[in-house]
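Reader: I am new to this structure and would like to be walked through it. Could we look at it together?

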Amino acid sequence: MITFEELGISKEIVLALVDLGFEVPMPVQEKVIPLLLGEKTDIVALAQTGTGKTAAYGLPLIQQIDTDNQLPQALILCPTRELCVQIAGDLNDFAKYIDDLHVLPVYGGSSYDVQIKALKRGVQIVVATPGRLIDLMHRKAIKLRDVRSVVLDEADEMLNMGFLDSINDILAEVPENRSTLLFSATMPREVAVIAKNYMKNPVEITIGNRNSGAENIKHVYYTVHARDKYTALKRIVDFYPSIYGIVFCRTRIDTQEIADKLIGDGYNAEALHGDLSQVQRDSVMQKFRIRHVQLLVATDVAARGLDVRKTDQ
Ligand code: AMP
């Protein structure tokens, strides 16, 4: 079985992976890491959440950062604030034995001042939601001239959320001789168009089946009348008292109502949606991660890419 060292990953990063318990590369890592450590390549990868894609692009990006240069050299775009914080956290874990490497999550709802100060001090990897990055570009607070790699993570979801214009504006400001990596769970036409417009002869990689759900998830559905949905939900929760999961709702109003009802009925639940302030969202996510909250009732702000382990304590 191949190891991270054999894929070309440096010692100090491998040490961090050992701390994280990563023993062998996952398939997406085995494919993507050597390509990124080799000659400049563009990559389109169809990969679901949970396949290990953050390390697949993150490890080579980290390894190629020049820590003497204080300007951003890698830019990762992703759809939600939660994902932005998670990716930045993962990259910091991978880079924990590398001195002077700074990763900055840039997302709406957090303080401009803090982000601008951090950028002034020096940041080599920026993980951003497109809207806030555009704001910082308009404020001339971020210099993108040294960016050599751009990652579009969860590209389909970014387009679903209406970020196409922002992505176009951002890519127009990044040097052309960069490599561009696009990760997407699905490949609708709009994503294919981005790949065509911004990428040069991309290598295409598919992990798992196209458009399929994550493999380690068992899907079950119950058919109930709309008026009985809440009762059905309660029955499921009552049947599995130690249930730990996310209840997705379509609208913010439904989300809040169902969370309120559950809480009123004595269940351990919280709502997560875009009407909450960033501080509230961060606090709810944190409580869910450490299992102080058992049921997270959420809109699709939480739909993609969040990785909460049963063992996160
Ligand atoms: P991602 O798809 O990047 O969100 O990763 C999914 C999960 O797999 C995360 O919890 C990672 O920490 C974990 N992971 C990624 N690569 C490895 C690896 N090589 N060995 C074990 N776990 C991994």
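Author: A definition comes first: buried means under 20% relative accessible area, exposed means over 50%, and partly exposed lies in between (1.4 Å probe, protein chains only). By that scale tyrosine 240 is partly exposed, because its relative accessible area is 44%. This is a predicted model, in which local features need pLDDT of at least 70 and side-chain atom pairs count only at pLDDT 80 or more, while totals for chains, interfaces and linings use all residues. Residues are numbered from 1 along each chain as its sequence is written, and side-chain values use heavy atoms, with hydrogens and water left out.

Reader: Which ring does tyrosine 240 pair with, and how are the planes set?

Author: A search of the whole structure finds four aromatic pairs. Rings of Phe, Tyr and Trp (its six-membered ring) pair if their centres lie within 6.5 Å; planes under 30 degrees apart count as stacked, over 60 as edge-to-face and the rest as tilted. One of the pairs joins tyrosine 57 and phenylalanine 183, with ring centres 5.3 Å apart and planes at 55 degrees, so this pair is tilted. Another is that of phenylalanine 239 and tyrosine 240, whose ring centres are 5.1 Å apart; the planes stand at 80 degrees, so the pair is edge-to-face.

Reader: And is phenylalanine 239 buried or exposed?

Author: Phenylalanine 239 counts as exposed because its relative accessibility is 64%. In the other pair, tyrosine 57 and phenylalanine 183 are both buried.

Reader: Where do tyrosine 57 and phenylalanine 183 lie?

Author: Tyrosine 57 belongs to helix 3 (residues 53-63) and phenylalanine 183 to strand 6 (residues 179-184), so their pair ties together parts that are 126 residues apart in sequence. Helices (H or I, at least four residues) and strands (E, at least two) are DSSP runs, numbered from the N terminus.

Reader: Which charged ends sit over tyrosine rings?

Author: The charged end of arginine 132 sits over the ring of tyrosine 112, 3.7 Å from the ring centre. Likewise, the charged end of lysine 261 sits over the ring of tyrosine 230, at 4.5 Å from its centre. The rule is that NZ of Lys or CZ of Arg is within 6 Å of the ring centre and within 35 degrees of the ring normal.

Reader: Which residues of helix 6 are buried?

Author: In helix 6 (residues 130-138), the buried residues are Pro130, Arg132, Leu133, Ile134, Leu136 and Met137. Their cover includes strand 2 (74-77), strand 3 (103-106), helix 5 (112-121) and helix 8 (164-173). Contact here means heavy atoms within 4.5 Å.

Reader: What follows helix 6?

Author: Lysine 140 follows helix 6, in the loop between that helix and strand 5 (149-152). Lysine 140 has a positive phi of about 55 degrees although it is not a glycine. Lysine 140 is exposed, because its relative accessible area is 73%. Aspartate 100 also has a positive phi, of about 60 degrees, without being a glycine. That residue, aspartate 100, lies in the loop between helix 4 (81-94) and strand 3.

Reader: Changing topic, how many residues surround the ligand?

Author: The ligand is surrounded by 13 residues, the closest being Val24, Gln29, Gly52, Thr54 and Asp307. A residue is near a molecule if one of its heavy atoms lies within 4 Å of it. A backbone N or O atom of valine 24 lies 2.8 Å from a nitrogen atom of the ligand, and one of glycine 50 lies 3.0 Å from an oxygen atom of the ligand. Such a polar contact is a pair of N or O atoms within 3.5 Å; within protein, one must be able to donate a hydrogen and the other to accept it, and residues adjacent in sequence count only if both atoms are side-chain atoms.

Reader: What does the side chain of glutamine 29 reach?

Author: The side chain of glutamine 29 reaches the backbone oxygen of glycine 52 at 3.0 Å. Glutamine 29 lies in helix 2 (residues 27-37) and is buried, because its relative accessible area is 2%. Leaving aside neighbours within four places in sequence, glutamine 29 is in contact with residues including Phe4, Leu7 and Ala55.

Reader: Finally, how many disulfides are there?

Author: The count comes to zero disulfides, a disulfide being a pair of cysteine sulfur atoms within 2.5 Å. Cysteine 78 is in no disulfide, and the nearest cysteine sulfur, that of cysteine 84, is 4.4 Å away. Cysteine 78 counts as buried because its relative accessibility is 0%.
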